[in-house]
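Below is a briefing on one protein model. Read it alongside the sequence and the coordinates.

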Amino acid sequence: MHFYSLCVQKLELLTSRSMRIDLSIPDELQSIFRWKPGQFIRFKFDIEGQSVEREYSICTAPYEGYLSFAVKKTPHAFVSKYIQENIKEGDQLLVSAPMGAFGIPSRPNEKRTIVAFASGSGIAPIMSICKDTLYHEPAVQLYLFYGNTNEEQTIFKDELINLNQEYPQNFFPHFFYSQQEVQDKLFHGRLDEHKVKLIINQILDWDEVDEALICGPKDMIVTLANAVYKHGIPKKNIHYELYEPVEKVFYDDKVKRSTVKEVKVTYTFKNTKQTMNWINNGSSLLRALLDSGVDAPYSCKGGICGACICTLKEGDVYVDENLVLTENDLKNGKILTCMAHPKSEKLIINLDQNTMK
């Protein structure tokens, strides 16, 4: 993965544990750093002589012209602690090009209703999507349901309130606190299936909802995705950002299992063709490549970022649940090595052909 040097333009303390960092984009890198709302960037840090890489979601909208990300310091969080305690304005950070497929296409000429659920730092990509959608879609109705432990630790609360004041007919944020008493009991506790039922009954006309966005801890995502689906939103209209992989999101999906025991894999990488034997013990194609000493491209290992996309030339694989590949990509032979499991005893792949057409 290639990293570019971007300058820290501004630092802003959001809460006692959260910081926002703005990065300026020089003219010569404008074409590289064109992002879609909901995408993330990967950073490379040298910490105590150790090279460490981490992903952070972009929280600014493309029309704002600069990249911004939020870092929340948690107990035993090595990298976030380093960033908050050491990064200064004027520093140069090593940053990848934007990645990821979380988000929704912009529809400026349509009238639609969108619901977004976020928890904690999961607000970051949702923030980017909200700002961009409100900016481009004058007829949108966007409802945000945002959970935190308490008001003090609510990232971007002031900015969200300002957005509501700027777009009073379009944007409706609602804040939930799990460890703070509030007057209306609806807004006390975690976002879960019961809260979705209350939201449907008390806050909005659910029959008008077109799209749902979810970002936060994986258990919350699975719970809310199933609750939203249960109440009539099609799976294709439920978009979520997982920070760690799960076997499946929707309860009624069947998990595919591979019965192939050994696979001959011929791969092209850095313009060189080689062969390896893959003893299938349930691990992914990416894991098999890495175990064989292949420096195969990857980032998240969870079907989220798309860094491990390659082209399947021959053979067949299962591709587990992913947030990147479309049906058209799959028809054109694109697979994610991190989500691929064998259906045939022979595979031919090209790791150099790692872009979506």
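Two strands count as paired if DSSP finds at least two bridges between them. Strands β1 (residues 4-13) and β2 (residues 18-24) are joined by 6 bridges and run antiparallel. The model is predicted.

**Antiparallel sheet, β1 to β6**

- This open sheet has 6 strands in the order β4-β3-β6-β1-β2-β5, and the pairing is antiparallel.
- Its edge strands are β4 and β5, each of which pairs on one side only.
- Direction ignored, neighbouring strands are turned by 40° against each other on average.

**Parallel sheet, β7 to β11**

- A second open sheet has 5 strands in the order β9-β8-β7-β10-β11, with parallel pairing.
- The twist averages 15° from one strand to the next.
- Strands β7 (residues 113-119) and β10 (residues 209-215) are parallel and share 6 bridges.
- There, F117 has I214 of β10 as its bridge partner.

**Helices across the parallel sheet**

- Helix α3 (residues 157-166) lies across β8 and β9. It runs at about 150° to β9.
- Helix α5 (residues 218-230) lies across β7, β10 and β11. Its direction is at about 170° to β10.

**Pairings around β12 and β18**

- Strand β12 (residues 262-269) pairs with β18 (residues 346-350) in the parallel sense, over 5 bridges.
- T266 has I348 of β18 as its bridge partner.
- β12 also pairs with β13 (residues 272-279), here in the antiparallel sense and over 8 bridges.
- In that pairing, K264 has N277 of β13 as its bridge partner.
- β12 and β13 form a hairpin with 2 residues between them. K270, in the turn, has a positive phi of about 55°.
- β18 is also joined to β14 (residues 309-314), by 3 bridges, and these two strands run antiparallel.
- L312 stands opposite I349 of β18.

**Aromatic pairs and a charge over a ring**

- How many aromatic pairs does the structure hold? There are 14 aromatic pairs.
- The rings of F43 and F45 have centres 5.8 Å apart and planes at 10°. Planes under 30 degrees apart count as stacked, so this pair is stacked.
- F43 is buried, with a relative accessible area of 0%. F45 is buried too, with a relative accessible area of 5%.
- F145 and F176 make an edge-to-face pair, at 6.3 Å centre to centre and with 65° between the planes.
- That pair links distant parts of the chain, 31 residues apart: F145 is in β8 (residues 141-148) and F176 is in β9 (residues 171-177).
- Both F145 and F176 are buried.
- One aromatic cluster is made up of F43, F45, Y56, F69 and Y82.
- K157 lies over the face of F175, at 4.9 Å from the ring centre.

**T60, a buried loop residue**

- Where does T60 lie? It is in the loop between β4 (50-57) and β5 (67-72).
- Is T60 buried or exposed? Buried means under 20% relative accessible area, and T60 has 0% relative accessibility, so it counts as buried.
- Its side chain reaches the backbone oxygen of Y66 at 2.8 Å.
- The T60 side chain also reaches the backbone nitrogen of S68, at 3.1 Å.
- Leaving out residues up to four places away in sequence, T60 touches R20, W35, Y66, L67, S68, S128 and K131.

Key:
Residues numbered from 1 in each chain as written. Predicted model: local features only at pLDDT ≥ 70, side-chain atom pairs only at ≥ 80, totals over all residues. Heavy atoms only, no water. Helix = DSSP H or I, 4+ residues; strand = E, 2+ residues; numbered from the N terminus. Phe/Tyr/Trp six-rings, centres within 6.5 Å; stacked < 30°, edge-to-face > 60°. Buried < 20%, exposed > 50% of the residue type's maximum accessible area, 1.4 Å probe, protein only. Lys NZ or Arg CZ within 6 Å of the ring centre and 35° of its normal. Polar contact = N/O pair within 3.5 Å; in protein donor to acceptor, adjacent residues only side chain to side chain. Contact = heavy atoms within 4.5 Å. Axes fitted to C-alpha atoms, helices over the stretch in contact; angles between N-to-C directions.
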